Amino acid sequence: LRRLFCCNASASTPASSRKKPLVFLGSPQVSATVLDALLKFSSSPDSNFEVAAIVTQPPSKRERGRKILPSQVAEHALERGFPSDLIFTPERAGEEVFLSNLRDLQPELCVTAAYGNILPAKFLKIPKLGTVNIHPSLLPLYRGAAPVQRALQDGVKETGVSLAFTVRALDAGPIIAYERVQVDDQIKAPDLLDLLFSQGSELLIRELPSIFDGSAKLKAQPQDDSKVTLAPKVTPEESWLSFDQDATLLHNKVRAFAGWPGTRAKIAIIDEANGEHEILDIKIITTRVCALEVDDISFIKGSLVIPCGGRSALEVLELQLPGKKVVNADAFRNGLRGRKLKKV
């Protein structure tokens, strides 16, 4: 996928009829929603721009077989018939060869949506109208790599998506527009990400005319730095659950870390007939906060109910043992064959 591209407009094409080149930067599957919106809008008769190139992360090992595969945006673009020689995959956005070819494109605008690479000043100087980013939070809240995960972990009732100009400081550029989204207390991070980037793509398409005519820069509002909160990258070490904590905190963590890295807990299985016990490393998939108060791990109405801190309790609805499929609590109970569970 690492190709070089030089775009030279035909001398016979009137300047007034040329579409303005736009470069899209994105990598995971959620970015494909934004790319689709741009490709669809660019093909309409009223559009004054075209997607001249796509920039995405290089191929990497992913999925179960750990095969080296293109990014999900690259795969999606190729499936849609986007030319492979217009898909750039630099290791870093500051590589001179890449920047040289980006300059050859002479982009009017760059759009980023979960690209995953830092954009240096040399990059930001290239597009005439600047670079705009779709960020899944109500900036200046949750600046950083994991805004959706951290918002869910905090148990927010409202979040949103912001369209902002990109500056060198992290997620600190002026805000062009935003949309608020109410957060259901059961929604998980992958679903909320999908929702926010879907809303973000609509927001982008709605604001593109003002970005291209320059009025967006005039109306964009600077962020209030006194209200900044940060959303640092999630690490695998954070995935462990401690049942000494309140059930609401644990439930929010399960929702926040769904997909990756997931949430895990250790539970002891005890065979009272012979005194044998083993420690299980369980992946917790779906939960809710229980209204009941229990003293020991119990199975109640199809749920595995675990007592937690502050006399609270967590209902585990779905879970997964190492190397096994995700099962509901009833199926897990049947596999115990009468053995008891204890907190570790």
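Glutamate 238 and arginine 150 form a salt bridge in this predicted model, with 2.9 Å between the closest N and O atoms. Across the interface of domain 1 and domain 2, the rule finds one salt bridge. The polar contacts across that interface amount to ten residue pairs, both residues being at pLDDT 80 or more.

On the side of domain 1 that touches domain 2, helix H5 (147-153) and helix H6 (189-212) each supply at least two residues. H5 gives the most to this side, with four residues. By class, the side of domain 1 that touches domain 2 has five nonpolar, four polar and five charged residues.

The domain assignment places domain 1 at 20-231 and domain 2 at 236-343. Their centres, taken over C-alpha atoms, are separated by 37 Å. In the contact between them, 14 residues of domain 1 meet twelve residues of domain 2. About 1,000 Å² is buried between the two domains, and carbon and sulfur atoms give 46% of that area. Of the area that domain 1 buries against domain 2, 47% is supplied by Gln153, Gln186 and Lys188, more than by any other three residues.

Strands of a sheet pair through backbone hydrogen bonds, in either a parallel or an antiparallel manner.

| Strand pair | Direction | Bridges |
|---|---|---|
| E2 (residues 49-55) and E5 | parallel | two bridges |
| E10 (residues 263-270) and E11 (residues 277-290) | antiparallel | eight bridges |
| E11 and E14 (residues 313-320) | antiparallel | seven bridges |

Isoleucine 54 stands opposite isoleucine 87 in E5. Alanine 265 stands opposite isoleucine 282 in E11. For arginine 288, the bridge partner in E14 is glutamate 315.

E10 and E11 also form a hairpin, with six residues between the strands. In this hairpin, glycine 275 takes a positive phi near 80°.

Technical notes: Residues numbered from 1 in each chain as written. Predicted model: local features only at pLDDT ≥ 70, side-chain atom pairs only at ≥ 80, totals over all residues. Heavy atoms only, no water. Domains from an automatic or database assignment. Contact = heavy atoms within 4.5 Å. Buried area = accessible area lost by both parts, 1.4 Å probe. Salt bridge = Lys/Arg side-chain N within 4 Å of Asp/Glu carboxyl O. Polar contact = N/O pair within 3.5 Å; in protein donor to acceptor, adjacent residues only side chain to side chain. Nonpolar A, V, L, I, M, F, W, Y, C, P; charged D, E, K, R; others polar. Pairing = 2+ DSSP bridges.
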